[in-house]
Amino acid sequence: MVRYAEPGTVDWVESGGGPLIAVPETVLPFWAGADGDETASDYDRACEVDGFIGLLPVGDSAALVFGDDPASTAYLPDHQTFVRWSAADSEAALLAEVPAALDAAAWEPEVYWKVPGAVLLFDAAWPGAASARTDHVRVVLDPGRYAVRAAQVRPGPETWLGLVQLRRLPD
């Protein structure tokens, strides 16, 4: 696997070429990834998501699919945002642009995601039960409903990034 993100300030998750997915820990055993005998695997379902984000049922919950581009992705808790590295000279250059990118973003329509707590971000091809053995990031979220919105932003001539922002909704 080619690593586009450099090790540094934040933990980046890479994909083997397909979508990344954030699956609630409580339903990880129900995500089969590319495995399984079904005509359409969970991975196939994730690949069918149109646009930057989408939700797929997993067990009694849902997973957030990061569609469109298998970009390196990190979670920035201070901004409640997943950042997707499309182009930048360095991690520092990309991260420095995040506040301005959040202000300038032209957001796609929101989706509403109910989570029971922490989620694991990893390559959708992996089964949930094996996700801890691959490139992954654990994201601690308070249980509840979230509005999720996405945007592609080009804050500078050499910097392009995707944003997937979470906003906790009142119960």
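User: At 33% relative accessibility, what does Pro70 count as?
Analyst: This is a predicted model in which local features need pLDDT of at least 70 and side-chain atom pairs count only at pLDDT 80 or more, while totals for chains, interfaces and linings use all residues. Residues are numbered from 1 along each chain as its sequence is written, and side-chain values use heavy atoms, with hydrogens and water left out. Buried stands for under 20% relative accessible area and exposed for over 50%, with partly exposed in between (1.4 Å probe, protein chains only). At 33%, Pro70 therefore counts as partly exposed.

User: Where is Pro70 found, and with which residues is Pro70 in contact beyond its neighbours within four places in sequence?
Analyst: Helices (H or I, at least four residues) and strands (E, at least two) are DSSP runs, numbered from the N terminus. Pro70 is found in the loop between E3 and E4, and its C-alpha lies 7.8 Å from that of Gly16, 54 residues away in sequence. With contact taken as heavy atoms within 4.5 Å, the partners of Pro70 outside four places in sequence are Ser15, Gly17, Gly18 and Arg84.

User: What is the mean pLDDT of the protein chain?
Analyst: pLDDT is the predictor's confidence in each residue, from 0 to 100. In this chain, 93% of the residues reach 70 or more, and the mean pLDDT is 90.

User: Over which residues does pLDDT stay under 50?
Analyst: Where pLDDT is low, the predicted coordinates should not be read in detail. That caution concerns a stretch for which the model has 13 contacts beyond four places in sequence, namely residues 1–5.

User: With which residues is Leu141 in contact, leaving aside its neighbours within four places in sequence?
Analyst: In soluble globular proteins, nonpolar side chains tend to be buried together. For Leu141, the partners beyond four places in sequence are Tyr75, Trp113, Val115, Gly117, Ala118, Val119, Tyr146 and Leu166.

User: Is Ala62 buried or exposed?
Analyst: Ala62 lies in strand E3. Outside four places in sequence, Ala62 is in contact with Pro24, Leu56, Pro57 and Trp113. Because its relative accessibility is 15%, Ala62 counts as buried.

User: Is Pro57 buried or exposed?
Analyst: Pro57 lies in strand E2 (residues 53–58). Not counting residues up to four places away in sequence, Pro57 touches Arg45 and Ala62. Its relative accessibility is 55%, so Pro57 counts as exposed.

User: What is the volume of the largest cavity?
Analyst: On a 1 Å grid over the protein atoms alone, a cavity is a set of points where a 1.4 Å probe fits but cannot get out, and lining residues have an atom within 4 Å of a point. Grid points are joined across faces, edges and corners, and a volume is the space filled by probe spheres set on the points. The structure holds one cavity of 30 Å³ or more. The largest cavity has a volume of about 80 Å³.

User: Which lining residues are the closest to the centre of the largest cavity?
Analyst: Strand E5 (81–87), E9 and E10 each supply at least two residues of the lining. Of the 13 lining residues, the closest to the centre are Phe52, Gly67, Arg84, Gln152 and Gly162.

User: What is the relative accessible area of Val164?
Analyst: Val164 is found in strand E10. Among its contacts beyond four places in sequence are Ile53, Leu64, Phe66, Gln80 and Arg84. Val164 is buried, with a relative accessible area of 2%.

User: What phi does Gln80 have?
Analyst: Most residues other than glycine have a negative phi. Gln80 lies in the loop between strand E4 (72–76) and E5. Although it is not a glycine, Gln80 has a positive phi of about 50°.

Technical notes:
On a 1 Å grid over the protein atoms alone, a cavity is a set of points where a 1.4 Å probe fits but cannot get out, and a pocket is an open set with protein on both sides within 12 Å along at least five of seven lines; lining residues have an atom within 4 Å of a point.
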